[in-house]
Structure formats: C-alpha cells, structure tokens
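Hi,

Here is the structure I promised to pass on. Have a look at it first, and my notes follow below.

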Amino acid sequence: MKFHGKNIFVTGGSRGIGKEIVKYLAEKGARVAFTYSQNEESSLELIKSLDSPGHQCFKMDLQSEESVNGCITQVLNLFENQVHGLVNNAGITSDQLLLRMKTEEFDNVINTNLRGVFLVTKAISKVMLKMRSGSMVHITSVIGQTGNQGQANYAASKAGIEAFSKSVALELASRNIRSNCVAPGFIETEMTTSLTDIQKQEIFKKIPLQRIAQAVEVARCVGFLLSDDSSYVTGHTLSVNGGLHMV
Ligand code: NDP
C-alpha cells in the first residue's frame, strides 16, 4: 500500500482522468478528497464504489477564489491539516480559431486551468510548508508543448502551468516539497469523445504506439510522481503521449 497514511487532494475527480486518479490512489491506500464542479451524483457513486472508507468529495468552481478557498477549508478539516499530495487535474477546453475566439472564451480557459491551479497550489503549499514535505502533480497536456489549431487558449494555459510548476519547484524544494507535471496525449475521456472516427484515425497515424490511452495509464504516472519512488524528481514534466511528441 504505497500511500498508506497519506492524504491526497485531487481536483476534478468526478470523471475522466481525475476519476481514475482517485481510484488508483484509493486502491494504493491513500485517503482521497476530490472535487467536482457539477457532477455530484457521479462523485458520490465513485466514493461508494471505493473499497476503503474515509474518502470525500467537495464542490468547487476553479473560476471563483471564494469557492476554491471554501472547498480547501473543508478539505483541511477532513485531513486535519495534513496534506501529503496534491493533484491539479481539473481543466476545461473551449476551442475556437484565434480570430473567432471571444475574449470570454480565452478568459474562461485561462481562469479555470491556470489561475485555478495558482489558487489551489498556493493554499495547499501553506500546509505543506508547515509539514516540510509534500508532492504536487499538475496535469498539463501535449498541446501545451506543441500548440494546436483552435486551442490557443488551452495551449497557453497548459504551457503556463508547466512554467508555474518549475517556479514552484524552485521556491519550495528547500522545504522538501516537489512539484511536477504530467502531460497526457490523447486519452479516452469525455473531452476526446467529441472527435469523429476519421479524426481519431488521423491522430493514431501520428502516435508511434498507435492507440489512444486509457485514463488509468495517466493515473499510474501521477502515482509515481506523488510517491517516494520519485523522491529526487522535481520541476519535471512526464509525457504520457505514446511518443506523439518527444521533448
Ligand atoms: P473531463 O472533461 O472528463 O473532466 C474534467 C473535470 O474537471 C471534471 O471533474 C469536472 O467536474 C472538472 N471541472 C470542470 N470545470 C470545472 C471548474 N470550473 N471548476 C472546477 N472543476 C471543474 O476532463 P479529462 O479527464 O479529459 O481531463 C482531465 C485533465 O487532463 C484536464 O486538465 C485536461 O486538460 C487534461 N488532459 C486531458 C486529455 C485527454 O485526452 N482527455 C489530454 C491532455 C490533458 P464536473 O464533472 O463536475 O463537471
């Protein structure tokens, strides 16, 4: 039980990659608190499906500082001010070509994905600083490394998180707090179901491993970076993209 006795906070655990991260961490012995923004029902079902007790879900809107801080207060109560791991997973897309992209569409993505990560990380850092240990993993994207047509807002938010993570890694390393990113490629979740079969075939052609990944394959990498197995890794971005983009 790699995470026995560890409290881990995951944003956006109600579905997709976050849900698999919650399941993986709980299976490995962690006590998990996770958030949802809309899907309370599926979050409660997820908790019921877990074999171990003590996990809880909380509503949080990353666009609202008040909501983030209110949620984190509840999480810290649950965890009695002991947070060993943080996974900044929640994120959105709002795709549009640059010339058609409304300022609101740009702001929504940046505020949720990048500003939201700042708010959560700042609040959790305070607790980890007192503990003089901790591990944070931020979910970025291959798109933050390559850019993508129609995703200027999303690509900028994910590239921003990588730079943010490195800065946090530098600031907190002396207190034994690590900060790393996991950059997934194409993962089977609701975010990618909107792709047509033809679009998927075109994508597969570019992926050396020739398939889309399952969310658990991302969860395992997040687990590695949260755990002591990666105790000398900080400021790193681990690509989980089937070889799609090699940095
Ligand atoms: P999903 O769309 O399946 O899930 C998104 C999660 O974020 C949900 O838990 C959702 O809660 C939560 N969320 C949405 N909006 C907000 C908000 N305003 N405030 C707080 N939480 C919110 O996403 P994926 O699982 O596909 O993606 C997870 C992460 O991985 C994201 O950061 C994404 O950018 C990244 N990623 C995904 C890839 C993929 O192929 N799927 C590829 C590369 C990166 P609720 O269910 O309540 O709406």
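Strand 5 (residues 134-139) is largely enclosed by the rest of the structure, because six of its six residues are buried (under 20% relative accessible area, with a 1.4 Å probe and protein chains only). Both of its faces are covered: G134, M136 and H138 lie buried on one side, and S135, V137 and I139 on the other. Strands here are DSSP runs of E with at least two residues, and helices are runs of H or I with at least four, numbered from the N terminus.

Please keep in mind that this is a predicted model, where local features need pLDDT of at least 70, side-chain atom pairs count only at pLDDT 80 or more, and totals for chains, interfaces and linings use all residues. Residues are numbered from 1 along each chain as its sequence is written, and side-chain values use heavy atoms, without hydrogens and water.

Strand 5 pairs with strand 4 (residues 85-88) in the parallel sense over four bridges (pairing takes at least two DSSP bridges). Across that pairing, N88 stands opposite H138. The open sheet has seven strands in the order 3-2-1-4-5-6-7, with parallel pairing. Its edge strands are strand 3 (56-59) and strand 7 (237-240), each pairing on one side only.

Helix 9 packs on this sheet, touching strand 1 (7-10), strand 4, strand 5, strand 6 and strand 7 (contact means heavy atoms within 4.5 Å). Helix 6 (residues 152-172) also packs on the sheet and touches strand 5, strand 6 (177-184) and strand 7.

Best wishes

Technical notes. Buried < 20%, exposed > 50% of the residue type's maximum accessible area, 1.4 Å probe, protein only. Axes fitted to C-alpha atoms, helices over the stretch in contact; angles between N-to-C directions.
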